[in-house]
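Subject: Structure handover

Dear colleague,

I am passing on the structure that we discussed, and it is shown just below.

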Amino acid sequence: MIVLGLTGSIGMGKSTTATMFAEAGAAVYDADAAVHALYRGAAVPLIEAAFPGTTRDGAVDRKALSAKVMGDGAAMTRLEGIVHPLVRGSETAFLDSARAAGARVAVLDIPLLFETGGEARVHASVVVTAAPEVQRQRVLARPNMTPESFAAILSRQMADADKRRRAHFLVDTGRGLEPARRAVQGILRALSACE
Ligand SMILES: CC(C)(COP(=O)(O)OP(=O)(O)OC[C@H]1O[C@@H](n2cnc3c(N)ncnc32)[C@H](O)[C@@H]1O)[C@@H](O)C(=O)NCCC(=O)NCCS
Ligand SMILES: Nc1ncnc2c1ncn2[C@@H]1O[C@H](COP(=O)(O)OP(=O)(O)OP(=O)(O)O)[C@@H](O)[C@H]1O
């Protein structure tokens with residue numbers, strides 16, 4: 001089974017591109033979805049202990065947690081220390097079951113793939129990218145997003161230019177859905193020729 005790491009900065013179109021991989025038949029792991037599940041389960045007591053008052057009714061209150069960690073580098077690092085090992089566990093379980101199900105290609109959709117050393121766990125990386133003004137326009141169009149929180153998130157993520165330099169494959173989402181879909185299909189076609 002070939003394992004691809006899919007990443008990209010905020011608003012670059014990572015989730016949309018992950019869906020394209022799934023539609024083309026790849027088994028897709030979504031690290032953000034794994035975090036959402038952990039925030040209703042195993043992570044809750046650990047987060048309540050580290051950040052009192054950020055859980056309610058047995059689940060993490062993302063708004064309250066966000067208010068404590070966004071823009072506070074040390075607090076975010078502490079949160080990552082709790083969350084990332086748990087995410088790694090669910091990623092391993094996903095890969096085991098994809099392998100058992102006979103998947104040929106597995107895609108790990110991980111926002112912080114490069115930042116967390118995830119490159120070492122994949123055969124090749126796919127970076128989803130678009131021009132900075134396209135990214136900015138997309139992100140600021142989201143409800144509850146401000147230029148300040150956009151800046152805080154960007155400052156925690158490796159710059160797009162650096163991600164592109166490290167990528168094995170690029171998917172440009174700035175030219176519309178169809179060209180991006182062709183890029184995804186091209187990656188899978190090239191990989192299938194290797195088998
Ligand atoms: C801070 C939290 C509660 C905010 O939740 P909220 O629902 O408001 O936002 P969401 O998760 O959609 O994130 C918004 C944007 O920030 C980015 N982002 C999230 N966490 C991080 C991080 N640790 N470093 C850099 N960027 C991050 C996301 O990729 C996304 O682009 C949440 O992002 C969180 O718990 N983050 C820590 C876990 C983590 O590292 N997740 C990302 C990779 S698995
Ligand atoms: N190929 C594309 N062509 C046109 N628009 C796109 C394309 N890919 C994504 N978009 C648009 O860009 C926006 C952001 O996409 P998406 O939610 O997939 O980004 P993301 O990188 O997963 O964001 P985040 O990191 O915040 O989770 C959405 O409005 C989506 O419709």
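Two residues are said to be in contact, or to touch, if their C-beta atoms, placed from the backbone, lie within 7 Å. This is a predicted model, in which local features need pLDDT of at least 70 and side-chain atom pairs count only at pLDDT 80 or more, while totals for chains, interfaces and linings use all residues. Residues are numbered from 1 along each chain as its sequence is written, and chains are lettered from A and ligands numbered from 1 in the order in which they are written.

Arg104 sits in the loop between helix 5 and strand 5, where helices (H or I, at least four residues) and strands (E, at least two) are DSSP runs numbered from the N terminus. Its C-alpha atom is separated by 8.9 Å from that of Gly25, although the two residues are 79 residues apart along the chain. Arg104 has 14 other C-beta atoms within 10 Å and is therefore partly exposed; a residue is buried if 20 or more other C-beta atoms, placed from the backbone, lie within 10 Å of its own, exposed if 12 or fewer, and partly exposed in between.

The protein is divided into domain 1 (1-26 + 103-195) and domain 2 (40-102), with bounds that come from an automatic or database domain assignment. The C-alpha centres of domain 1 and domain 2 lie 22 Å apart, and the contact takes 9 residues from domain 1 and 10 residues from domain 2. On the side of domain 1 that touches domain 2, strand 5 and helix 7 are the elements that give two or more residues, and the largest share, 3 residues, comes from helix 7.

In helix 2 (residues 31-38), the buried residues are Ala31, Ala34 and Leu38. They cover an arc of only 50° around the axis, so they lie on the same side of helix 2; the arc is that of the directions from the helix axis to the C-beta atoms. Strand 2 (27-30), helix 5 (73-100) and strand 5 (105-109) are among what covers them.

Finally, the largest nonpolar core has 34 residues, and those with the most contacts inside it include Leu6, Phe21, Val28 and Val107. Such a core is a set of buried Ala, Val, Leu, Ile, Met, Phe, Trp, Tyr and Cys residues joined through C-beta atoms within 7 Å. The largest share of this core, 4 residues, comes from strand 5. Val28 touches Ala18, Phe21, Ala22, Val107 and Asp109, not counting residues up to four places away in sequence.

With best wishes
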